[in-house]
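Keep the view open as you read.

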Amino acid sequence: MKEIVKVQGMSCNHCVNSIEVNVGNLAGVSSVKVDLGSGEVSIDFDNEKISLGQIKETIEEQGYDIV
């Protein structure tokens, strides 16, 4: 399953790395791509192993807001 999530608060490469590493390490997530310019995070994941809600929670735990 592929989802695109709008995220506020990302401003630099550290933000990109934080989200890509932390979300990318979740079981069931196959890829994460952050587009800093648009504020979008594209996530490929297995929705039988992890929910979009759990992924969003992980992003928020890094200090960012889901729009």
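Predicted model: local features only at pLDDT ≥ 70, side-chain atom pairs only at ≥ 80, totals over all residues.

A contact here means heavy atoms within 4.5 Å. Residues are numbered from 1 along each chain as its sequence is written, and side-chain values use heavy atoms, with hydrogens and water left out.

Now for the parts list. Helices (H or I, at least four residues) and strands (E, at least two) are DSSP runs, numbered from the N terminus. The chain has 2 helices and 4 strands, and along the sequence they come in the pattern β-α-β-β-α-β. The radius of gyration, taken over C-alpha atoms, is compared with a globule rule of 2.2 Å times the number of residues to the power 0.38. For this chain of 67 residues the radius is 11 Å, close to the 11 Å from the rule, so the chain is as compact as a globular protein of that length. Its C-alpha trace spans about 30 × 20 × 20 Å along the principal axes.

On to the sheet. Strands count as paired if DSSP finds at least two bridges between them. The 4 strands make an open sheet in the order 2-3-1-4, with antiparallel pairing. Strand 2 (29–35) and strand 4 (65–66) are the edges, each pairing on one side only. Strand 4 pairs with strand 1 (residues 2–8) over 2 bridges, in the antiparallel sense, and there you can find Gln8 opposite Asp65. The hairpin they form has 4 residues between the strands, and Gly39 takes a positive phi near 75 degrees in it.

Stay in strand 2 for a moment and look at Ser30. For burial, buried means under 20% relative accessible area, exposed over 50%, and partly exposed in between (1.4 Å probe, protein chains only). Ser30 counts as exposed because its relative accessible area is 60%. Leaving out residues up to four places away in sequence, Ser30 touches Asp44 and Phe45. Its C-alpha lies 7.8 Å from that of Ile43, which is 13 residues apart from Ser30 in sequence.

Over in helix 2 (residues 52–61), pick out Thr58. Is Thr58 buried or exposed? Its relative accessibility is 11%, so Thr58 counts as buried. Beyond neighbours within four places in sequence, Thr58 is in contact with Asn22, Val23 and Leu26. Glu61 belongs to helix 2 too, but it is exposed, at 58% relative accessible area. Glu61 and Asn22 are 39 residues apart in sequence, with 9.7 Å between their C-alpha atoms.

Finally, zoom back out. Of the 67 residues, 31% count as buried. The chain exposes about 4,000 Å², of which carbon and sulfur atoms supply 42%; these areas come from the Shrake-Rupley method with a 1.4 Å probe, and for residues only the protein chains shown count as cover.
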